[in-house]
Amino acid sequence: MNIKTPKPVKGYWSNGRFVKPEEIALEEVGPPSKTQLKAEAGEKQALGEALLTLRADLMARLDLPEKLLDALAQAKRITNFEGRRRQMQFIGKLMRPLDMTPIRAAIDEQANGSADLTLALHLAEQWRDKLIASDDALSLWLTDYPATDSQQLRALIRQARKDIAKPETPGEAPRHGKAYREIFQLVKLAMAQEPGA
């Protein structure tokens with residue numbers, strides 16, 4: 001006769017009572033541990049390093065404290081390895097009370113570009129392709145952007161249609177000439193001047 005023994009329950013004994021893993025998760029979270037504090041300090045120091053390479057216009061938007069700006073300017077001048085390391089620790093310390101969300105957003109914007117700028121470029125590309133593909137798109141464009149030099153745009157469209165070369169190998173993208181790029185620049189400029197159209 002086989003007698004099955006029950007599986008042992010996971011957990012541990014603490015202060016005379018058995019604590020299960022589910023109960024541990026429900027317990028109140030205390031102050032951050034030293035490990036968590038060190039990790040946060042390291043992250044803020046890394047963000048401080050990234051601030052050293054941030055463009056001036058993005059830096060101005062952040063509205064950082066004067067003491068931090070001075071420390072960043074000083075860090076750019078320090079060439080000694082140990083001196084720079086200590087300065088970066090100091091910058092990390094100055095960044096502790098700050099909200100990191102706008103700083104991360106500015107660093108991300110520099111790395112990946114602004115979402116608005118990307119959208120504007122995509123719209124300009126779409127308009128360029130529509131203008132080359134269809135004559136109806138030209139009348140729509142001139143309705144939305146009446147300040148456009150229509151003769152110049154028509155000439156560029158004609159030239160772009162002539163310049164489109166068939167790909168030598170199947171699967172390759174068609175090659176475009178100078179007029180194709182000039183239409184894009186004209187469209188992008190017109191859209192920047194009349195953003196509400």
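1. Helices α7 and α8. In this predicted model, helix α7 (residues 115-133) packs against helix α8 (residues 135-144) at an angle of about 135°, and their axes are 8 Å apart. The two helices, α7 and α8, are therefore oblique to each other. On the α7 side the contact is formed by Trp-127, Lys-130 and Leu-131. On the α8 side it is formed by Ala-137, Leu-138, Leu-140, Trp-141 and Asp-144. By class, the residues of the contact of α7 with α8 comprise 6 nonpolar, no polar and 2 charged.

2. Ala-137 within that contact. Ala-137 belongs to helix α8. Its relative accessibility is 8%, so Ala-137 counts as buried, the criterion being under 20%. Once its neighbours within four places in sequence are set aside, Ala-137 is in contact with Trp-127, Lys-130 and Leu-131. For Trp-127, the separation from Ala-137 is 10 residues in sequence and 8.0 Å in space, C-alpha to C-alpha.

3. Helices α7 and α9. The axes of α7 and α9 cross at roughly 75° and come within 9 Å. That angle makes α7 roughly perpendicular to α9, since values from 65 to 115 degrees are classed in this way. From α7, the contact draws on Leu-131, Ile-132 and Ala-133. From α9, it draws on Leu-153, Ile-157, Ala-160 and Arg-161. The contact of α7 with α9 has 6 nonpolar, no polar and 1 charged residues.

4. Geometry and faces of α9. Helix α9 (residues 150-163) contains 14 residues. From its first C-alpha to its last it reaches 20 Å, close to the 20 Å expected at 1.5 Å a residue. Leu-153, Leu-156, Ile-157 and Ala-160 are buried in α9. Viewed down the axis of α9, its buried residues fall within an arc of 100°, so they line one face of the helix. An α-helix has 3.6 residues a turn, so residues three or four places apart point the same way. Gln-151, Arg-158 and Lys-162 are exposed on the other side of α9. The cover over the buried residues of α9 includes α7, α8 and α10 (178-193).

5. Geometry and faces of α10. The 16 residues of α10 should span 22 Å at 1.5 Å a residue, and its end C-alpha atoms are 23 Å apart, which agrees. Buried in α10 are Ala-179, Tyr-180, Ile-183, Phe-184, Leu-186, Val-187, Ala-190 and Met-191. Seen down the axis of α10, these buried residues fall within an arc of 165°, so they line one face of the helix. On the other side of α10, the exposed residues are Lys-178, Leu-189, Ala-192 and Gln-193. The elements that cover the buried residues of α10 include α7, α8 and α9.

6. The loop between α8 and α9. Thr-148 is located in the loop between α8 and α9. With a relative accessibility of 12%, Thr-148 counts as buried. Not counting residues up to four places away in sequence, Thr-148 touches Trp-141, Leu-142, Leu-153, Leu-186 and Ala-190.

7. Helices α2 and α5. The axes of helix α2 (residues 34-51) and helix α5 (residues 81-95) come within 8 Å and cross at roughly 110°. That makes α2 roughly perpendicular to α5. The contributors from α2 are Lys-44, Gln-45, Leu-47, Gly-48, Glu-49 and Leu-51. Those from α5 are Arg-84, Arg-85, Met-88, Gln-89, Ile-91, Gly-92 and Met-95. The residues of the contact of α2 with α5 divide by class into 5 nonpolar, 4 polar and 4 charged.

8. The chain as a whole. The protein chain has 10 helices and 2 strands, arranged along the sequence in the pattern β-β-α-α-α-α-α-α-α-α-α-α. Of the 197 residues in the protein chain, 24% are buried. Among contacts in the protein chain with a separation of 6 or more, 55% join residues 24 or more positions apart.

How values were computed
Residues are numbered from 1 along each chain as its sequence is written. This is a predicted model: local features need pLDDT of at least 70, side-chain atom pairs count only at pLDDT 80 or more; totals for chains, interfaces and linings use all residues. Side-chain values use heavy atoms; hydrogens and water are left out. Axes are lines fitted to C-alpha atoms, for helices over the stretch in contact, and angles run from 0 to 180 degrees between N-to-C directions. Helices (H or I, at least four residues) and strands (E, at least two) are DSSP runs, numbered from the N terminus. Angles under 35 degrees count as roughly parallel, over 145 as roughly antiparallel, 65 to 115 as roughly perpendicular and the rest as oblique. Contact means heavy atoms within 4.5 Å. Ala, Val, Leu, Ile, Met, Phe, Trp, Tyr, Cys and Pro count as nonpolar, Asp, Glu, Lys and Arg as charged, and the others, Gly among them, as polar. The expected span of a helix is 1.5 Å times one less than its number of residues. Buried means under 20% relative accessible area, exposed over 50%, partly exposed in between (1.4 Å probe, protein chains only). The arc is that of the directions from the helix axis to the C-beta atoms.
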